[in-house]
Amino acid sequence: MAKLLILFAHPALEKSKVHARLIRHINQLEGVTFHDLYEAYPDFDIDVKREQSLLLNHDIIVWQHPFYWYSSPAIIKQWEDLVLEHGWAYGSGGNKLQGKKVLNAITTAGSREAYSTGGRNRFTIQQLLAPFDQTAYLCKMQYLPPFVLHSTHRYSKADTDMYAVQYEQLLIALANDRITETEWKKVNYLNELSPIPEMIQF
Amino acid sequence: MYLAAAVVMVPVAKKLGLGSVLGYLLAGIIIGPALLGFIGKEGQDVLHFAEFGVVIMLFVIGLELEPELLWKMRRSIIGLGGLQVLVTALLLAALAMAFGLLWREALAMGMILSLSSTAIVLQTLNEKGLMKTSSGQSSFAVLLFQDIAVIPMLAVFPLLATFKPEAVVDEHHTKTLVEGLPGWIQTLIVLGSVAVIILAGRFLVRPLFRIVAATRLREIFTATALLLVVGIAVLMTQVGLSPALGTFLAGVVLADSEYKHELESDIDPFKGLLLGLFFIAVGASIDFNLIMKEPLMVLGLVVLLMSVKSIVLFILGKIFKLGLGHNVFFAVALSQVGEFAFVLFSFSLQEGVLPKETVDLMVAVVAISMALTPLLMLINERVIQPRIGTKESVDERETDTIDEKNPVIIAGFGHFGSTIGRFLRVHNIGMTVLDNDSDRVDRLRKMGLKVYYGDATRYDLLHAAGAANARIIIIAIEPAERRLELIETIKKHFPNLRMLVRSTNRFDAYDQMNAGMLHIYRETLDTSLRVGVDTMKFLGFRAYTAQRAARMFFKLDEANLKKLSSIRDKEEHIIAAREKMEELELTIKTDLQQAGQLKDTGWDDEGILQESLQKKS
């Protein structure tokens, strides 16, 4: 069993439709710890010791957040700046996170087509997630493909439910070591490991 | 016997809501010649002994006098207070003359009867948390003026003597040093003694206390304080002046010394005990035979006296713009004649100002007026107030049908509560307000708030306000003792109601933690730290750094408070000034020990620097 830590960052959860649904049953999943950053640190004073302890106790870290300006909400950045200390997470003597896995689980209003080299946003999701990828690399962690939900503003309730179930399924799979390295190395989005028919996909 | 009586009666009186003064009086009445007859003739002696309690009380009054406060309130004190004493004294003097007294006697009588009971009124105001309301402030101003007015009265009385004082009035009459000396030398000596007190207080007493305080023996400090008071009293008696005047002066001189609070708290138990004895003795000396012989006259006098006083107070209250509800309270609260009357009566007996029969009669009248006060206040609260002024609740519904659906109750809408209320209201959070200031309640209701008028610690009011269905109650009432009462009431009757409690300081917080409170908000903590942050910013610190530091300090301080709370002696209720100092020392020491934890290591690039240097070499 791998222990999953969801680092959830949403500054205005009361306005959210998709994330609110994604996390609705998350507390019931075995082996998954749900950590709401904006709720725990409304003043952005991250408790570094506590966060580091959480990281040590888990094997797979998931940054779950809306994709604001091609990145994460501010608290994730604060979290990275403060928690990933030199000599602990990286640098000489910094190998506490070695071997752990990390990924982003994001939602965005942009379509898959927009996020392509010829598309409106000019860059792919992978390219835009490079900072996270490199951060993981420097901390000697494995960076898994992201879980991405595109065009979220067009979702009906049914669509949201459908994707929520997909998300939960993947979390359970990760927590129970059901996804091998070979498999996840093959895909661009983690979503591809739990496929939804093309017709109803966004 | 006296102590036994006090121990029995005072708790009974308090339970019935009658106040401790009444309890003492009742105790005296019961054990006195009227009922059980345990004490009798020696009552007079005890009276003298217990008068010392009054002497001490005046010392404490002098000590607590704050010249700046007096200056600020000068309009009410001199205006309202002055007028009250003047008008009442004159009116009563006129009435007295109508009853056949000589003008000198009538004047003395008028002055004595114009005074109200500081002990009863202030105690009641404090207990009910009404000190800061308009009626509270007005009462305070009037009582303050009366306290000060006693001094000139004491000086003037001897001049009103109508006959030579009975030579054998009491065997305890001390021979003064100055008897027999010519008048002008006497005056010089009097002035000299006053000067001695003032100078000694300024230049001798404080160094003395410093030495004594350095021994860190609390008993010695207390003994020295008592010695001071006794010494002054004796000196004054030797010189022929009232001891109370002397100690009052001493109190005033010491009022701005660093030992003020220490003195207050050390002397307090003695004052309390002796005052209690005083009231017992007064109760015992009430001549019930006289009352039995002419009950109608006595009661008639009481009614006349209190009516005249109330009317004068009410009219003055109107002139000074008190709201109706507050004015009635004001008039009722101060309508009795106070404990000083007993002192002044015995003084006037000694000086030959009033004949014994008159004094005996009036002592009974005064005692009865004091005894009636708690009763009258109760009637006012339960019967009059609901009828004339602010209704308890705007909707005249039965308490059984509770329609309150608001999730939040705010008890107390003063500075603290009102800010919370404003914040919640802006976010449309339904709240019910409980407050006991009728002016405020009226204004809030006009603004559309749901307000219940009355004492928030009362179960029936809480129930009517929907405490059974609410989710949160914010306890913002004053004073601290009332908050603890409210906490107990809620724990007993509304255990599911979450309490957010206002706290004056850490000592208040300890009491609340002992009561099981989890959500305690020290009034000044956040604001003080905000000042600290701004101070740092003005000194050049980066705003973000200063802010983070303050939040860190806050978290640590709260944690330490909980830790300290768990190791203190839970039985300790009275915290002396010295222990407050020790607590401050302890917290500062802890702060310094934890300086390491307060260090902000975020965004540190020391490690990276070191590593790159090593790589180079």
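## Parallel strands of chain B

In this predicted model, strand E1 (residues 408-411) of chain B is paired with strand E4 (residues 472-475) of chain B through four bridges, and the sense of the pairing is parallel. Within this pairing, Ile409(B) lies opposite Ile473(B) of E4(B).

E4(B) also runs parallel to strand E5 (residues 498-503) of chain B, to which four bridges join it, and here Ile472(B) is the residue that stands opposite Arg498(B) of E5(B). Together with helix H21 (residues 480-493) of chain B, the strands E4(B) and E5(B) form a β-α-β unit that is right-handed.

## Helix H19 and its buried face

Helix H19 of chain B, which spans residues 438-446, has as its buried residues Ser438(B), Arg440(B) and Val441(B). Viewed down the axis of H19(B), these buried residues fall within an arc of 160 degrees, and therefore they line one face of the helix.

The elements of chain B against which the buried residues of H19(B) pack are helix H15 (324-333), strand E2 (431-435) and strand E3 (450-453). Just after H19(B) comes Gly448(B), whose phi is positive, at about 95 degrees.

## Contact between the chains

Where chain A meets chain B, eight residues of chain A are in contact with seven residues of chain B. On the side of chain A that touches chain B, one residue is nonpolar, four are polar and three are charged.

How values were computed: Residues numbered from 1 in each chain as written. Chains lettered and ligands numbered in written order. Predicted model: local features only at pLDDT ≥ 70, side-chain atom pairs only at ≥ 80, totals over all residues. Contact = placed C-beta atoms within 7 Å. Nonpolar A, V, L, I, M, F, W, Y, C, P; charged D, E, K, R; others polar. Buried ≥ 20, exposed ≤ 12 C-beta atoms within 10 Å, placed from the backbone. Helix = DSSP H or I, 4+ residues; strand = E, 2+ residues; numbered from the N terminus. Arc of directions from axis to C-beta. Pairing = 2+ DSSP bridges. Right-handed = clockwise from strand over helix to strand, strands pointing away.
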